[in-house]
Every structure is written in structure tokens, then in C-alpha cells.
Amino acid sequence: MAAGPAPEARPLMDEQTFLDNFSHLNYLNETYLCYEVESMNDDLWIPMDEYKGFLRNKSSYRRWERCHAEPIFLERMASWNLDTELRYRITVFISWSPCPDCAKKLTKFLRENRHVNLRIFAARIYDWYQGYEAGLRELNAAGAEVAMMTLHEFEYCWNNFVDHQQDEDTPFPPWDDLVVRSEELSQRLAGILQNQED
């Protein structure tokens, strides 16, 4: 039997792109989203490497052509046709937490797909639009685990989604006050998720 073609290498993010977009020191008008999917097998989560990657929002000077990263991800997920008889855990690492509209779309997705667990780790809180707190609470109430990225998640992304140009041992270079800033954002998010008023 002849061997099939070698699997294509999964695209990885450039180091500087990751540092520029996930750092607490920068506030770029882009959103990057890294994702991975696991399926439940005998009470163990098994990685599904074919559903692992990253994407970014679609920007345009034409407002109607713009699209946040989350709807792009939901569209990509729909193309996977995940078996509704199986359990899945989707983990997302995102440079900005979902805006109110994206939180609603993700909430709707979770309510329609009870076989999926969603974990969202955000580098920063997207607080530009009124209602962002309610959106995050609704998403959490729908079953999503919503948390801020800590040093652990930044290192994980660095090791799993970033291209190190043949030097796989390149350690994650934490920026100044990463741990302190992550803790501040975690406390802020905890307050948002516990508060019932906007």
C-alpha cells in the first residue's frame, strides 16, 4: 500500500505578531484568536490537531466588510460538522475579550450546541462598547468558562501557536508587569462576572 501525502504543516503565528497583539502594553485595533478542539473519549480530553490554529478579525475601511474574530471562528467551526453525539471542549486564546455582539453570538452557539464546552482566555478586556459586562456575564451563564490569560496561558500559546523560526527552544519573553497586570485583569473580570448591574 502506498503512503499518502505528508500532512500539511499547520500555520503558526509570527513571534512579533503574537507579542504585539497579546501584550498588555499594546492596544492594537486587531483581534487574534488561537483555538484548539478536544473530544471526550473514555472521560479523557483528546486533542484534535486538525482543529487547531489561529485567525484574526477582518478589517476594512468599509464598515459592512469588517468582521470580528469570533464570527469568523464560528463560521469555521460550523464547517467542521462536529458530531452532536460526542462531547467537545474548545479552548480559545484571544487578544481581546468578546464585544457585546460577539458575546451574544457565542452564547447563541452554546445554547444550540450543548455538546460543546467553551473556554475563553482573553489577554485584555474589550470595554469600548456599552454592555460589554452584560455580554460577558451572559456568555458565562451559558456555560462558557471566561478567564483572563495568565503567564501560563501566554507560555502555552507561545509554545503551541507561534513560529520560532526553527528554534523551538525559544522561551516566552514576558513583558514588564505581565503577572501583575494579568492579576489585575483577572480581578476586574471576576467583578464583572459577579456583578448583576451594568
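Residues are numbered from 1 along each chain as its sequence is written, and side-chain values use heavy atoms, with hydrogens and water left out. Because the model is predicted, local features need pLDDT of at least 70 and side-chain atom pairs count only at pLDDT 80 or more, while totals for chains, interfaces and linings use all residues.

**View 1. Packing of helix H4 on helix H6.** Helix H4 (residues 132-141) packs against helix H6 (residues 178-194) at an angle of about 80 degrees, and the axes are 8 Å apart. The two helices are therefore roughly perpendicular to each other. On the H4 side the contact is made by Tyr132, Glu133, Leu136, Arg137 and Asn140, and on the H6 side by Arg188, Leu189, Ile192 and Leu193. By class, the contact has 5 nonpolar, 1 polar and 3 charged residues. Helices (H or I, at least four residues) and strands (E, at least two) are DSSP runs numbered from the N terminus. Axes are lines fitted to C-alpha atoms, for helices over the stretch in contact, and angles run from 0 to 180 degrees between N-to-C directions. Angles under 35 degrees count as roughly parallel, over 145 as roughly antiparallel, 65 to 115 as roughly perpendicular and the rest as oblique. Contact means heavy atoms within 4.5 Å. Ala, Val, Leu, Ile, Met, Phe, Trp, Tyr, Cys and Pro count as nonpolar, Asp, Glu, Lys and Arg as charged, and the others, Gly among them, as polar.

**View 2. Packing of helix H1 on helix H5.** The angle between helix H1 (residues 15-22) and helix H5 (residues 151-161) is about 155 degrees, with 11 Å between their axes. H1 is therefore roughly antiparallel to H5. From H1, Glu15, Phe18, Leu19 and Phe22 meet Phe154, Cys157 and Trp158 of H5. These residues divide into 6 nonpolar, no polar and 1 charged.

**View 3. Packing of helix H2 on helix H3.** H2 and helix H3 (residues 100-112) have axes 9 Å apart and pack at an angle of about 25 degrees. H2 and H3 are therefore roughly parallel to each other. Glu70, Pro71, Leu74 and Met77 of H2 are in contact with Cys102, Lys105, Leu106 and Phe109 of H3. The contact has 6 nonpolar, no polar and 2 charged residues.

**View 4. The largest cavity.** A search of the whole structure finds 1 cavity of 30 Å³ or more. The largest cavity has a volume of about 60 Å³. Its lining consists of Leu33, Glu70, Phe73, Val92, Ile94, Pro98, Leu106, Leu118 and Ile120. Helix H2 (69-80), strand S4 (88-94) and strand S5 (116-122) each give two or more residues to this lining. By class, the lining has 8 nonpolar, no polar and 1 charged residues. On a 1 Å grid over the protein atoms alone, a cavity is a set of points where a 1.4 Å probe fits but cannot get out, and a pocket is an open set with protein on both sides within 12 Å along at least five of seven lines; lining residues have an atom within 4 Å of a point.

**View 5. The second largest pocket.** About 180 Å³ of space lies in this pocket. Of its 10 lining residues, Leu12, Val162, Asp163, His164 and Glu168 are the closest to the centre. H5 gives the largest share of the lining, 3 residues. The lining has 3 nonpolar, 5 polar and 2 charged residues.

Definitions and conventions. Points joined across faces, edges and corners; volume = space filled by probe spheres on them.
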